[in-house]
Amino acid sequence: MQDEIRKLYKSRNDRVICGVCGGFAEYLKMDPTIVRLIMVLIALTGGGIIAYIIAALVMPEQPF
């Protein structure tokens, strides 16, 4: 059985702002709403907004 190599991309299908949370949800095979709620909780602590902006700039777009 061959291991599947997964890559982290910004989502094209499930995008609200930049597709960062949708990309994390696809990578982790989770519901995007849960990832967004976790991101809001992290953002309330102060570092989440900066982390989201960095992820939006660094993560590549999902190929077609």
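Lysine 29 is exposed, with a relative accessible area of 61%. Exposed means over 50% relative accessible area, buried means under 20%, and partly exposed lies in between (1.4 Å probe, protein chains only). Lysine 29 is not a glycine, yet it has a positive phi of about 55 degrees. This residue sits in the loop between H1 and H2.

This is a predicted model: local features need pLDDT of at least 70, side-chain atom pairs count only at pLDDT 80 or more, and totals for chains, interfaces and linings use all residues. Residues are numbered from 1 along each chain as its sequence is written, and side-chain values use heavy atoms, with hydrogens and water left out.

**The chain**

The chain holds 3 helices and 0 strands. Its elements run α-α-α from the N terminus on. Helices (H or I, at least four residues) and strands (E, at least two) are DSSP runs, numbered from the N terminus. The C-alpha trace spans about 40 × 20 × 20 Å along its principal axes. Of the 64 residues in the chain, 27% are buried.

**Helix H2**

Helix H2 has 13 residues, 32–44. At 1.5 Å a residue it should span 18 Å, and its end C-alpha atoms are 18 Å apart, which agrees. The expected span is 1.5 Å times one less than the number of residues.

Which residues of H2 are buried? They are Pro32, Val35 and Met39. Seen down the axis of H2, they fall within an arc of 60 degrees, so they line one face of the helix. The arc is that of the directions from the helix axis to the C-beta atoms.

| Group in H2 | Residues |
|---|---|
| Buried | Pro32, Val35, Met39 |
| Exposed, on the other side | Leu37, Leu41, Leu44 |

The buried residues of H2 pack against helix H1 (20–28) and helix H3 (48–58). Just after H2, glycine 46 takes a positive phi of about 115 degrees.

**H1 against H2**

The axes of H1 and H2 come within 8 Å and cross at roughly 125 degrees. That makes H1 oblique to H2. Angles under 35 degrees count as roughly parallel, over 145 as roughly antiparallel, 65 to 115 as roughly perpendicular and the rest as oblique. Axes are lines fitted to C-alpha atoms, for helices over the stretch in contact, and angles run from 0 to 180 degrees between N-to-C directions.

Cys21, Gly22, Phe24 and Ala25 in H1 meet Pro32, Val35, Arg36 and Met39 in H2. Contact means heavy atoms within 4.5 Å.
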